Amino acid sequence: MSELARRLHIIPLGSAQVSQQSFRQTERVWSVVQPARIFRAESVILMSSISPTPSTLGKGGSLRILVPLDGSELAAQALPAAETLCQQLSAELDLVTVLQPVMQPYVGGEPYIPGEVYTRYNAERTQEAEKYLAAAAKAARDRGIATNTYLERGNPASCVLGTARELGTSIIVMTTHGRTGLARFALGSVADRVVRGGVAPVMLIRSFPALTHGTDLSRALIPLDGSILAAAPVFALVPLLAGRVLRTVTLLRVADPGDGAAGRQLCENYLSAVRQRLTDLIEGQDCAISILVRSDRNPAASIVEAAGDGECDLVFMSTHGEAGIGRWTLGGVTDRVLRDGKTPLLLVHPEHK
């Protein structure tokens, strides 16, 4: 394997990461090939070893979109995108609010505030949360969306993950931060734990600019770094969303300028192989797939720039991936894209099936 191919994180045909069956099948087809075609064969093997499209039907045999709400306006900004997805996918909407336990302070071994006061306070919190959920659910039902509400108690992230797991959630939609109540829990930290939990793909909506109902999410940008992990969103989500939500998908690879024309060509070959595999998977679903190679030593900055050119409504990324000389982790790149970009980010944990 060439040094350039190694730097671009290409897995060779003889790699232990490739199954013997896949190797034998490809060996028969690609017995005598040119270097560029070898790269294409490697790419096809990589694509065949990625987790297949997950079972997306949740509890009740329906697609399910889950939105965690904490009562704040910021958290509620996830609702327009979630409702749009429900309408396009004929999915059910699940609204979840988590009440954290309130610790009763003690002074000198005695309750600082009488127990009945806390009991009344907790009852009022419950009533207020139920009223809030009912209002949000009614608004969604008025738009023709089948909506369910869940009021949980405990740790916010754990409860959201547990509910999503129990319901078989297809996508979790939430804002990157939001806070309310005495505990002022930050939904940003909850979002981080929910993403890392890997129960379902997570769409992170930025607090600014705010999305509105009917927001167009039809144009997706998917950055790839050549690794299996980075390609997880391609085969986990695009077949689900193509045609119904997505009309165009752009596969992006950021090449290192130091690799020159040869490195750029290898990137184009890789993306072409991914595009062909994806085109076969979504045949007949009315979604166009294109490829884009950019040269930049800063992958995150290049992704943000590509997403901000007016041709992208949604960025798909894996929570992990790696490539290049420094083996930059896509988790770090994802963090910077989330911080610096303005486009909603749909994150897929590579272990999500």
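**Exercise 1.** Does Cys86 count as buried or exposed, and at what relative accessibility?

*Solution.* Start with the ground rules: this is a predicted model, where local features need pLDDT of at least 70, side-chain atom pairs count only at pLDDT 80 or more, and totals for chains, interfaces and linings use all residues. Residues are numbered from 1 along each chain as its sequence is written, and side-chain values use heavy atoms, with hydrogens and water left out.

Next, the cut-offs: buried means under 20% relative accessible area, exposed means over 50%, and partly exposed is in between (1.4 Å probe, protein chains only). Cys86 comes out at 2%, so it counts as buried. As for disulfides (a pair of cysteine sulfur atoms within 2.5 Å), a search of the whole structure turns up 0.

**Exercise 2.** Place Thr163 in the fold and list what it touches.

*Solution.* First, find the element. Helices (H or I, at least four residues) and strands (E, at least two) are DSSP runs, numbered from the N terminus. Thr163 sits in helix H7, residues 156-167.

Second, check the cover: Thr163 has 5% relative accessibility, so it is buried.

Third, look for partners, taking contact as heavy atoms within 4.5 Å. Skipping residues up to four places away in sequence, Thr163 touches Leu66, Val96, Tyr150 and Glu152. Val199 lies 36 residues from Thr163 along the chain, and their C-alpha atoms are 9.8 Å apart.

**Exercise 3.** Work out where Ser62 is and which side chain it pairs with.

*Solution.* Ser62 belongs to the loop between helix H3 (35-49) and strand E1 (64-68). Its relative accessible area is 19%, so Ser62 is buried. Its side chain makes a polar contact of 3.3 Å with that of Glu92. (That term means a pair of N or O atoms within 3.5 Å; within protein, one must be able to donate a hydrogen and the other to accept it, and residues adjacent in sequence count only if both atoms are side-chain atoms.)
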